[in-house]
Amino acid sequence: MSMNTMGRPTAPASVSAAAIETVSGSRGLLQHEDLLFEIGTPETTGVDLPKPKGLKSRLGGVARKVDTGLPGLSEPQAVRHYMRLSQRNYAIDLGLFPLGSCTMKHNPRLNEKMARLPGFGDIHPLQPQATVQGALQLIDELATWLKVLTNMPSVAMSPKAGAHGELCGMLAIRQALIARGEGETRKRVLVPESAHGTNPATAVQCGFIVDEIKADRRGRVDMADLKAKLEKSDDVAGIMLTNPNTCGLFETDIREIADLIHQAGGYFYCDGANFNAIVGRVRPGDLGVDAMHINLHKTFSTPHGGGGPGSGPTVFSEALAPYVPVPYVNKDEDGIYRLVEHVDGDASESFGRMVAFHGQMGMFVRALSYILSHGADGLKQAAEDAVLNANYIQARLKHVMSPAFDGYCMHEALFSDAFTADGIETIDIAKALIDEGYHPMTMYFPLVVHGAMLIEPTETESKAELDRFCDALESIARRAAQGDDTLKGAPYLAPAKRLDETRAARKPVLKWAPEDTSKVAAE
Ligand SMILES: *Cc1c(COP(=O)(O)O)cnc(C)c1O
């Protein structure tokens, strides 16, 4: 019998547990659940009020003639349906979320309480500005924190996610080039191979051409390749560089990279999604950055798992500050906050407007609440603990797994699949983690590492929790190294097993249709 590192039986036990079939379809206390359309029928109704008498339709000839076909359910049926579904979800409030390049950290409940204060939660973006001075002050104070933490003189608060912040930064760069009369000639944007997919996508969306830079053996920008790309430099608009990068490493040559780009006449866009790892230790403004988005939902709590909302304020250097989008908040000499909303006056060089209103107000409240409750020293410690936790995982697993690069990492530990026996792949390890009660790590990203496994624990996990996770992963890794074929069938205990994710993405079935019973009967 094979044992895991805790001395418990592994494969045979999990296979036999998986083989247990139940009459109800439920497993343990996890209830089996069908689709709403299968549970309810259009003929059933959740309420038993009598049809009102003498009620005349006021719809004239436009009343629907066919039924909506929506299923009717009683209240407890509906409540249980969603409760049962929610139990199948993995959540940051349930356990460690090892996804790399995502920063899934705990969201202090205090933030939620603050975001729901009626003065923030119940206001409308079209209210007269005199009635929302407190909200505008909050946006202004958060903006000040972001400028101080990054040492950048200007910030656009309105972008609604990281990718949207990238768009904001690259549109400002495009506007600056147009102002210089080089809008048509400087079209090339340099992007490292390891970049998050949103970087090249943003550049292309802004009309630029992407030119890939190689990674060196240390997982950083290959300086020789960069210099070669800059030789013919009069068409370079800029570089989009992530720091710490998506291999979880600090770009040690970043100052030289900034100088080279500036000498070539380009701008330096920094993808700041990984700012959590360096807050309070490094100020991007000191590194020569011209524009950088900050994912409030990765650095200042409010994890974005489950679809949002995000928020991507973008900070700017003096060179790009004139081009930032409207609206932004200004404080008058008399202490009144006003929104600058039009491209004229002080904002006459602005590239325009990206969103209808001012950005994600609820996220601003959460982020400022997080910042104020941590204080400058607490923010710095969060960054340091995030890096410490990732290095702990790397140190605990490096003897059984294969670290992608030598040396310490920043906020995430990256492994390749070099340690696995023939036939066992990254996906098998990820799926086996589900049986152990963990959401899988990020896999096959970044692309520069074969069979990549990217693990970001964040600062919010305790040593005990990290150990539990490492015990599970270590045991799976040993089985992978030994070529344990039962891994190919994992997960055994999850309600959904190996899904055809490509087909689900390419050919999504978005509409439920009843099974054609006549056909079944005919057969
Ligand atoms: C998350 C992430 C993004 C995109 O941010 P969203 O808020 O998801 O749009 C961009 N770059 C990197 C490196 C990221 O990790």
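User: Which residues lie nearest the centre of the largest pocket?
Analyst: This is a predicted model. In it, R88, Y90, I434, A494 and P495 lie nearest the centre of the largest pocket, whose lining has 21 residues.

User: How much space lies in the largest pocket?
Analyst: The largest pocket holds about 700 Å³ of space. In general terms, a probe the size of a water molecule, rolled over the atoms, shows where empty space is left.

User: Which helix gives the most to that lining, and how many residues are nonpolar, polar or charged?
Analyst: Helix α13, residues 426-435, gives the most to the lining, with three residues. Of the lining residues, twelve are nonpolar, four are polar and five are charged.

User: Let me step back to the whole protein. How many helices and strands are there?
Analyst: The protein has 16 helices and 13 strands. Its C-alpha trace spans about 75 × 75 × 45 Å along the principal axes.

User: What percentage of the residues is buried?
Analyst: Of the 523 residues in the protein, 48% are buried. As for contacts between residues at least 6 apart in sequence, 70% of them join residues at least 24 apart.

User: Now to helix α10. Which of its residues are buried?
Analyst: Helix α10 covers residues 254-263, and I254, I257, A258, L260 and I261 are buried there. Viewed down the axis of α10, these buried residues fall within an arc of 165°, so they line one face of the helix.

User: Which residues are exposed on the other side of α10, and what covers the buried ones?
Analyst: R255 and Q263 are exposed on the other side of α10. The cover over its buried residues includes the strands β2 (188-192), β4 (236-242) and β5 (267-271), as well as helix α9 (223-231). Just after α10, G265 has a positive phi of about 85°.

User: What about A367: buried or exposed?
Analyst: A367 has a relative accessibility of 1%, so it counts as buried. A367 belongs to helix α12, residues 361-397.

User: What is A367 in contact with, leaving aside its neighbours within four places in sequence?
Analyst: With those neighbours left aside, A367 is in contact with L142, L296 and F300. A224, by comparison, lies 40 Å from A367 in space, C-alpha to C-alpha, and 143 residues from it in sequence.

User: Turning to the strands, what is the order in the open sheet of four?
Analyst: The order is β10-β11-β13-β12, and the pairing is antiparallel. The edge strands, β10 (402-403) and β12 (442-443), each pair on one side only. As a general point, strands of a sheet pair through backbone hydrogen bonds, either parallel or antiparallel.

User: How many bridges join β11 to β13?
Analyst: Three bridges join β11, residues 413-416, to β13, residues 453-455. L414, for instance, has L454 in β13 as its bridge partner.

User: And how do β8 and β9 pair: parallel or antiparallel?
Analyst: Strands β8 (residues 328-331) and β9 (residues 337-340) pair in the antiparallel sense, over four bridges. K331 has Y337 in β9 as its bridge partner. Five residues lie between the strands of this hairpin, in which G335 takes a positive phi near 80°.

User: One more topic, the backbone. Where are the peptide bonds cis?
Analyst: A cis peptide bond joins V326 and P327, with omega about -5°. P327 lies in the loop between β7 (314-316) and β8. The bond from F445 to P446 is also cis, with omega near 0°, and P446 lies in the loop between β12 and β13.

User: Which residues other than glycine have a positive phi?
Analyst: Among them are S101, with phi near 65°, and Y444, with phi near 60°. Most residues other than glycine have a negative phi, and most peptide bonds are trans.

User: Where are S101 and Y444 found?
Analyst: S101 is in the loop between α3 (75-87) and α4 (109-115), and S101 is buried, with a relative accessible area of 10%. Y444 is in the loop between β12 and β13, and Y444 is partly exposed, with a relative accessible area of 35%.

Technical notes:
Residues are numbered from 1 along each chain as its sequence is written. This is a predicted model: local features need pLDDT of at least 70, side-chain atom pairs count only at pLDDT 80 or more; totals for chains, interfaces and linings use all residues. Side-chain values use heavy atoms; hydrogens and water are left out. On a 1 Å grid over the protein atoms alone, a cavity is a set of points where a 1.4 Å probe fits but cannot get out, and a pocket is an open set with protein on both sides within 12 Å along at least five of seven lines; lining residues have an atom within 4 Å of a point. Grid points are joined across faces, edges and corners, and a volume is the space filled by probe spheres set on the points. Helices (H or I, at least four residues) and strands (E, at least two) are DSSP runs, numbered from the N terminus. Ala, Val, Leu, Ile, Met, Phe, Trp, Tyr, Cys and Pro count as nonpolar, Asp, Glu, Lys and Arg as charged, and the others, Gly among them, as polar. Buried means under 20% relative accessible area, exposed over 50%, partly exposed in between (1.4 Å probe, protein chains only). The arc is that of the directions from the helix axis to the C-beta atoms. Contact means heavy atoms within 4.5 Å. Two strands pair if DSSP finds at least two bridges between them.
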